[in-house]
Amino acid sequence: MTAIAERAVPAGTGRGSARREGWRRRGPLMPALIFTIVVTQVPFLLTLYYSFQSWNLLRPGSFHFVGLGNYAAVIRDAEFRDALLVTVIMTLGSAVIALVLGTLLALLLERKVLGRGVVRTLLISPFLIMPAAAGLLWKTTMFDPVYGLVNFVLQPFGVHGVDFVARFPLASVMTVMVWRWTPFMMLIMLAGLQSQPTDVLEAARVDGARPFAAFREVTLPHLRPYMELGLLLGAIYIVGTFDEIYIMTQGGPGTSTTNLPFYLYQRTFQGYDIGQAASLGVATVIITFIVMTIALRTVFRLFTETEGR
Amino acid sequence: MTAAQAETAAPAAPAVRKRSGAAARTGWTILAWLVGLVFFFPVLWMVLTSFKQERDAYTTTPRVVFTPTLDQYRAVFSGGIGTAAANSAIATVFSTLLVLLLAVPAAYALSIRPVKRWRDGLFFFIGTKMLPIVAAIVPIFLAIRNLGALDNVWSMVVLYAAMNLPIAVWMLRSFFLEVPRETLEAARLDGAGVRQELTEVMLPVVAPGVAATALICVIFSWNEFFFALNLTATRAATVPFFLVGFITSEGPYWAQLAAATTLASLPVLLAGWIAQKQLVRGLSMGAIK
Amino acid sequence: MAEITYEGATRHFPGGKVPAVDALDLAVAEGEFMVLVGPSGSGKTTALRMLAGLEDIDAGRITIGGRDVSDVSPRDRDIAMVFQNYALYPNKTVAENIGFALKMRGVDRDERSRRVAEAAKLLDIGELLDRKPRNLSGGQRQRVAMGRAIVREPSAFLMDEPLSNLDAKLRVATRAQIAELQRRLGVTTVYVTHDQVEAMTMGDRVALLKDGWLQQCAAPQELYDRPANTFIAGFIGSPPMNLLDAEHHDGRLTIGGARIDLPEAHRAAVGRLDHVTVGVRPEHLDLADDGIPGTVSLVEELGAEIHLHVQAAGTGVVLRTDRNRRHALGSAVHLRVPPERVLCFHPETTELLFAPEPAP
């Protein structure tokens, strides 16, 4: 792996040409940068602006400045706190379970089993299925109390007629999420396993490590950065889960499966309270940003460390 | 393997040794296949059900034997999935092209001839990905409405491009870093400018990486639900939006639902299967290095 | 300390019938330093890995200390191995790296630190104990790899080209250190290299392999003076032995037009062949007023001596002369071949027919 190809700007070529060189380098970056700013940052700034207003689309002319009033309401909002809790449980739970399962699957697939390629093809399928389709599929053919397969399969264990989506909404939604994200984790962990230098493993064998000890002492430390990456990347995506919730439970029963994105959606497109929704959005962003910055700095340290080699 | 004392009878002619571990290998193979099938089963069931008559699908005990029919697919097509698919295709293809157009030079600027503050640049892109799109939906919705561009497939193209751009930049950058430095330096010494560096030296090496990035973008664009739900209605409805119609319909429409979900998932599923290697490269290596 | 034997050991290339190591018979005595040498693809590394248990044995067997270990896993063979790329555990400190095998065997912490410190002192890496491999230089890593092997006090050391990743100067110094260490510890050692200089200087005996076959196994000097075939003759020694085609009639050789009379002892071995491959070492050739005619094609000045490359007898010939004998490129010279120093090889089988006793 090569390090950054050269230093950022060549020195000692005179002020004018250095500046030109600087722009030549920035040039290719500009289109993407401008595009992103226009389509994502500008709207965000507008959201910020709206968050300081009270504005309900159903009441035309209700646009007026209320300062931090919306934010105060957010902090007092019990539903917001509930949504936050649900988000945390859903995200961490799904990500961690998917990671554990993904690691186990990767370990399985790493061995020379017959037809390994086909098994891998089968295993990545859940990730490719449209999330909305997956939600629909599980809600009907799998979880239905009368006609669903899960009930049918669990019959020998004395389970029948259970409406999973109604009685265990969070678990049901998380089951679908884990089903979808395990392949993602598996692929990352598989890359980690395959990037292990074989001679270190052989050295461990010669040094007397049994398979499990070798795994614990050599493989696991090697996999740690991959696990961190998988969790981080997965969490970034999983936090924004919307499709499965919308399709399967519409956030209910009650608010048991309402996460932050869904809550925001409700306030925006069902309540039409723009001011409130905006402040919710900003609050969500702030929280996400803080958490992710901490996590990202850790991964970035990983990045820059490897590049220093 | 145990440290057993081997037989001391020294063979006059060397014996051929039996390869051990064949039994263990079979065990793992069986387990792997079992797990693979369990994970795949819902997909299999979905496809199976799509060929059933409703009465065969909506049963208490699952039916494995049945007379297959294409009725469900006919119904789904007459229900309008064709237009939805066309919209999805346009949105996916064009947004991916737009992403590549923007991301390739940007990734270049963050790797090969890096901008002075490339770290900040990268961080910025990743940062935008972390903001839940739901937060920015309000002004986006209003802006698009004011532009009269609601229910327009091209709004989707722009939005999907913005959605996928950060990941594309991140992935492409890591693939660019793979190009051996010596090759680039040799090209520069030979007088290659930026454009030639890109096309002659780099593109051949990073072509699989670009394919992987494109595949990821295609997957995320095709499956995208939120924007489609809120910003389209009848004309620009994409496939995920089409599926919404099945949510509320309780009752015996499961086979049709299965047909719809199968069709919805088919393109990405096939693309992912065929370009599996690229997919793996994209998801794991692109993100890691 | 243990003796090691290979008995008809064979290993096929994975999925193929072509042997990587073909019926190898080798015996390494207790405490001996045995070098396996050969060009790439000769099977030397495979043979070492078979001894380690990292490669299966397809036929034959291997014993360590009289025990048949062909089906025994590496961890139970009581061997330690130094890998070509050192294979250090990247997430562990130097101390943890060295002590790893002891930890696996349940040695308690105090005993472990003591033995690690001892090994570190022996290899002069005491101050590095808390560092991680990525913060070490190549030479330091190599010593850590050695430390990891010696701390276990095993029955045998296995080394897979441990010097090949070091720069030239370090290589020479480390070579001496390894040889001295082995003498001090007296552990049976099997050492793989492609460098014949290492083989000659370090080994008690050298086993030369080619294409999976053992060509010859003997003490270095024996290999030098009495190579069993032309391949060995050309492999051992630098610059390599000159091999020339000669016509033979009744005890008289004709090489490149010049005539040489074979001594009595040679004649019996050569018999009635009308062609012979003649081998003569670069240091035994001399420039004279008559002899084999040739043209100087290259002059290599090495400071203490000169290597002269001469086109003669239809091939390139190298001779070593002292620094005073300079000759211009392209000049015509004559090479004198001392008959009493000449080796004779069979022209088709390439086997050694006769080698003279080395001069005292």
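This is a predicted model: local features need pLDDT of at least 70, side-chain atom pairs count only at pLDDT 80 or more; totals for chains, interfaces and linings use all residues.
1. C:D58 is buried, with a relative accessible area of 8%. C:D58 forms a salt bridge with C:R11, and their closest N and O atoms are 3.4 Å apart. The two sit 47 residues apart in the chain. C:D58 is in the loop between α1 (44–52) and β4 (59–64) of chain C, while C:R11 is in strand β1 (residues 4–12) of chain C. C:R11 has 10% relative accessibility, so C:R11 counts as buried too, the cut-off being under 20%.

2. A network of salt bridges links A:E202, C:R11, C:R49, C:E55 and C:D58.

3. A:E217 and C:K92 form another salt bridge, with the closest N and O atoms 2.5 Å apart. A:E217 lies in helix α11 (residues 211–239) of chain A and C:K92 in the loop between β6 (79–82) and α2 (94–104) of chain C, so this pair joins two chains. Are these residues buried or exposed? Both A:E217 and C:K92 are buried.

4. Chain A has a salt bridge between distant parts of its own. A:R180 pairs with A:E244, the closest N and O atoms lying 3.6 Å apart. A:R180 belongs to helix α9 (residues 169–194) of chain A and A:E244 to helix α12 (residues 243–248) of chain A, 64 residues apart. A:R180 is buried at 7% relative accessible area. A:E244 is buried as well, at 3%. Over all chains, the whole structure has 23 salt bridges.

5. Now the interface of chain A and chain B. Here 99 residues of chain A are in contact with 101 residues of chain B. The two chains bury about 9,800 Å² between them, 80% of it on carbon and sulfur atoms. In chain A, the residues that lose the most area to chain B are A:L128, A:M130 and A:Y147, together 8% of what that side buries.

6. How many salt bridges cross the interface of chain A and chain B? The rule finds zero. Polar contacts between these chains come to six residue pairs, both residues at pLDDT 80 or more. The side of chain A that touches chain B has 69 nonpolar, 18 polar and 12 charged residues.

7. On confidence, chain C averages a pLDDT of 89, and 99% of the residues score at least 70. Among the elements of chain C, strand β3 (residues 33–37) has the highest mean pLDDT (95) and helix α9 (residues 264–270) the lowest (82). For the complex, the predictor gives an ipTM of 0.80 and a pTM of 0.80.

Definitions and conventions:
Residues are numbered from 1 along each chain as its sequence is written. Chains are lettered from A and ligands numbered from 1 in the order in which they are written. Side-chain values use heavy atoms; hydrogens and water are left out. Contact means heavy atoms within 4.5 Å. Buried area is the accessible area (1.4 Å probe) that two parts lose on being put together, summed over both. A salt bridge is a side-chain nitrogen of Lys or Arg within 4 Å of a carboxyl oxygen of Asp or Glu. A polar contact is a pair of N or O atoms within 3.5 Å; within protein, one must be able to donate a hydrogen and the other to accept it, and residues adjacent in sequence count only if both atoms are side-chain atoms. Ala, Val, Leu, Ile, Met, Phe, Trp, Tyr, Cys and Pro count as nonpolar, Asp, Glu, Lys and Arg as charged, and the others, Gly among them, as polar. pLDDT is the predictor's confidence in each residue, from 0 to 100. Helices (H or I, at least four residues) and strands (E, at least two) are DSSP runs, numbered from the N terminus. Buried means under 20% relative accessible area, exposed over 50%, partly exposed in between (1.4 Å probe, protein chains only).
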